[in-house]
Amino acid sequence: MNPVFNKHLVFQSDFGVADGAVAAMTGVVVSVDDTLRMHHLTHDIPPYDIYLGSYRLYQTYSYWPAGTIFVSIVDPGVGFSQKSLVVELNTGQFVVTPDNGTISHLKRYVGIKRIFEIDKQQNLLPSTNKSYTFYGRDLYAYTAARLSSGKISLENVGPELAIDDLKLFDIPEPTIKENSIEGHVAIHDERYGSLWTNIPYDTFDQWDASQAKVRIRILKEEQLMYENELPVGQSFHDVNLNQAILYANSLQNVGVALNQNSFSKAFNIGYGFNWKIILEKI
């Protein structure tokens, strides 16, 4: 049974908006069907940062209804030989993306129902000619627009693939002990510099709901980068200006912030699996 698409397309890329790349993709969508609604998750993913592209999809997908198609182009390995995918999530949204790990967070936390490999011979924009370096325009936008408008079905996309054959990166789970929880800095809240961890706030809350303060240590690999005792609060107004706080972020995970300042810049903290964060009972 073919799904019903809702004509919403949500784009993210590492293209930026300084040149015509995003406008070109928009033009392809409009040329296929000018009733499609094109939205933008972000085009400010740092070049080639597949990890961040994967996380931003996970951060956003649940606020869009079933039948929405996300188009994610963060593709350092662009080329004819790399697989390109249409992925159907268990929750009914779709992602059009290269098979390069961009789907890792959604696979881990949401689950995948089906995957189709895009047949490039059948689904490239006809005017592509001999150019193979802008699949965001010539393959992903074009395929997503034709799917969303009903001009092709999933069966026209290409062969169905085994979910186990996806290229993924491992996402470690938090380690919970009697007196500590160990996770990693999953991402930054970019504009404000807060740290978002992979530790579910419910897990932290159940670990010791009576904690008014916790000791926090942040390590880059094994090098200690930050250590302090932080208050646990509901919002940034619970602490003074420039004071740090531990809180529940908008994804219901543990966050660490400086009130009206950037925690990541102030203490030179990055993100990713090599940025360990340890919470300890005082």
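Let me start with contacts, meaning heavy atoms within 4.5 Å. Among contacts in the protein chain between residues at least 6 apart in sequence, 69% join residues at least 24 apart.

A word on the source. This is a predicted model, where local features need pLDDT of at least 70 and side-chain atom pairs count only at pLDDT 80 or more, while totals for chains, interfaces and linings use all residues. Residues are numbered from 1 along each chain as its sequence is written, and side-chain values use heavy atoms, leaving out hydrogens and water.

Now the overall picture. The protein chain has 8 helices and 15 strands; these are DSSP runs, with helices (H or I) of at least four residues and strands (E) of at least two, numbered from the N terminus. Of its 282 residues, 55% count as buried, that is, under 20% relative accessible area with a 1.4 Å probe, protein chains only.

Next, the inside. A nonpolar core is a set of buried Ala, Val, Leu, Ile, Met, Phe, Trp, Tyr and Cys residues joined through side-chain atoms within 4.5 Å. The largest one has 33 residues, and Phe11 and Ile69 have the most contacts inside it. Elements giving two or more residues to this core include strand S1 (8–13), strand S3 (69–73) and helix H5 (135–149). H5 gives the most, with 8 residues.

What does isoleucine 69 touch, leaving out residues up to four places away in sequence? Among its partners are Phe5, Leu9, Phe94, Val96, Ala144 and Leu147.

There is also a second, separate core of 29 residues, which includes Val87, Leu89, Ile115 and Trp196.

Conventions:
Buried means under 20% relative accessible area, exposed over 50%, partly exposed in between (1.4 Å probe, protein chains only).
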